[in-house]
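Thanks for coming, everyone. Please have the sequence and the model open while I talk.

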Amino acid sequence: MDSEIMLGRLQNYEITPEVARADVIIVNTCGFINSAKEESIRAILDMHEARKKGSLLVVTGCLMQRYREELMKELPEVDLFTGVGDYDKIDEIILKKQNLFSPDTYLQANEERVITGSNYHAYIKISEGCNQKCSFCAIPTFKGKLKSRSLENIVGEVQKLVKKGYYDFSFLSQDSSSYMRDHAVSDGLISLIDAVEKIEGVKTARILYLYPSTTSNALIERIIASPVFANYFDMPIQHASDKMLKIMRRGSGAARIKELLNLMKKAPNAFLRTGVIVGHPGESEAEFDELCAFLQEFKFDRVSAFAYSKEEDTLSYEMEQVPAKIISKRLSKIEKITRAAIEASFARELGKKFIVSLEGESSEGEMFYAAKKALWDKDIDGEILINESDIEQLETGGRYWCEITQVAGSQALGKITAKA
């Protein structure tokens, strides 16, 4: 979304997919975990290697904000540097050819975005920053404290996008369930749901990144009652052991997390996504086994498992670390469990009919169309391969009824039966 804000400011430029042709190259970096940092550095060096003489290489984003002094010294390949406070000033930075690091994290207001990758779905940022104090997370150190967008501002953006043909929305932030807590409102997402439901043209919506200690029963019940917001529950639990949840400073124990998850699971057509961390300091075999047992028992629809990443400026940085070999072994084991859970979720779709949005050509190539179940989030929950249709002309972004005819592992084949 920050990249889309920059594209909105650069509409006078023509976009090219060829680095060698570009006059300006912008790399928007991530600085959250080691793998993302390494990927960002590789992308910067690759862009430099491929670019033409006289072009501008601009690096922005979280990695730059977090390691500003260090990277400005170590990356002579880069022409211009900026951080997380100036996405809406990217045109000025390029014009003046000056580095810029504003002290505050950028929070979207009324700036126009250029939505990429879809003609029907858009992500909507509802806040920036985070007030949580998770032991493993450095985000508050470079994103700052929670800052919520006004409800009017969010509604205005959705209304504009609906007029352009968008009808499917995902609302997100670093800690979505804390939305408006910086304005002393404890359940701001309920007000958001109320407001979005009134916007004619919004057909489906979902909320990403709920935090256990700021998610209320009332919020879950409001989502379940909504005719617009899907029963899509994305809550990274990180662990299932009370001991580990305390070490990780998650703010909620296992009993409360399970209470929330069970309330979510009871919803009609519920879809549950979570994330866990393996190998955090303090995790013994006993705690790891407890996490594995819970994941096997609860049967999430989607699970993302991450190896613990030792990050500067976090509480866990100075703790006694779990050896890398043990983390790798545990990750391999838990990935088998998560793969089985995802495949079981796909298997439950066999023979069902539901509404999908057509994405265009599939990841398998032009032999198949790709479709997204209306319940799912875009890009992260998988695709349905369409190889049959009762309708001759299918439109990218169109809504259709689909029947799942085959499932193999985490791949589903479907047939379009009618317009929705």
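Let's start with helix α8, residues 188-197. α8 is mostly covered, with seven of its ten residues buried. Buried here means under 20% relative accessible area; exposed is over 50%, and partly exposed lies in between, with a 1.4 Å probe and protein chains only. Helices are DSSP runs of H or I with at least four residues, strands are runs of E with at least two, and both are numbered from the N terminus. Which residues of α8 are buried? They are Gly 188, Leu 189, Ile 190, Leu 192, Ile 193, Ala 195 and Val 196. These buried residues pack against α7, β7, β8, α9 and β9. Contact, throughout this talk, means heavy atoms within 4.5 Å.

A word on the source. This is a predicted model, in which local features need pLDDT of at least 70 and side-chain atom pairs count only at pLDDT 80 or more, while totals for chains, interfaces and linings use all residues. Residues are numbered from 1 along each chain as its sequence is written, and side-chain values use heavy atoms, leaving out hydrogens and water.

Next, the sheet with six strands. It is open, and its order is β4-β7-β8-β9-β10-β11. The pairing is parallel. Two strands count as paired if DSSP finds at least two bridges between them. In general, strands of a sheet pair through backbone hydrogen bonds, either parallel or antiparallel. Which strands sit at the edges? They are β4 (121-125) and β11 (302-307), and each pairs on one side only. Neighbouring strands in this sheet are turned by 20° against each other on average, ignoring direction. Axes are lines fitted to C-alpha atoms, for helices over the stretch in contact, and angles run from 0 to 180 degrees between N-to-C directions.

β4 and strand β7 (residues 168-172) run parallel and are joined by five bridges. Lys 125 has Leu 172 of β7 as its bridge partner. Helix α9, residues 217-225, packs on the sheet. α9 touches β8 (204-207) and β9 (229-234), and its direction makes about 140° with that of β9.

α9 also has a helix partner. The axes of α9 and helix α11 (residues 254-265) come within 10 Å and cross at roughly 15°. The two helices are therefore roughly parallel to each other. That label covers angles under 35 degrees; over 145 is roughly antiparallel, 65 to 115 roughly perpendicular, and the rest oblique. The crossing of α9 and α11 is right-handed. Who makes the contact? From α9 come Asn 217, Ile 220, Glu 221 and Ile 224. From α11 come Arg 256, Glu 259, Leu 260, Leu 263 and Met 264. These residues divide into five nonpolar, one polar and three charged. Nonpolar covers Ala, Val, Leu, Ile, Met, Phe, Trp, Tyr, Cys and Pro; charged covers Asp, Glu, Lys and Arg; the others, Gly among them, are polar.

Helix α12 (residues 285-298) and helix α13 (residues 324-347) have axes that come within 10 Å and cross at roughly 15°. α12 passes α13 in a right-handed crossing. The contact residues include Phe 288 and Leu 291 of α12, and Ile 334 and Ile 337 of α13. That contact divides into seven nonpolar, one polar and four charged residues.

On to the sheet of three strands. It is open, with the order β1-β2-β3 and parallel pairing. β1 and β3 (80-81) stand at the edges with a single partner strand each, so one side of each has no neighbour in the sheet. β1 and strand β2 (residues 56-61) pair over six bridges. Thr 29 has Gly 61 of β2 as its bridge partner. Two bridges join β2 to β3, where Leu 80 is the bridge partner of Val 58.

Where do the side chains of β1 point? They alternate along residues 24-29. Ile 25, Val 27 and Thr 29 point to one face and are buried.

Glu 157 is in helix α7, residues 151-163. Is Glu 157 buried or exposed? Glu 157 counts as buried, because its relative accessibility is 9%. Setting aside residues up to four places away in sequence, Glu 157 touches Gln 108, Arg 113, Ile 124 and Arg 149.

Ile 41 is in helix α2, residues 34-50. At 24% relative accessibility, Ile 41 counts as partly exposed. Beyond its neighbours within four places in sequence, Ile 41 is in contact with Leu 63, Leu 71 and Leu 75.

Notes: Left-handed = near helix turned anticlockwise from the far one by under 90°.
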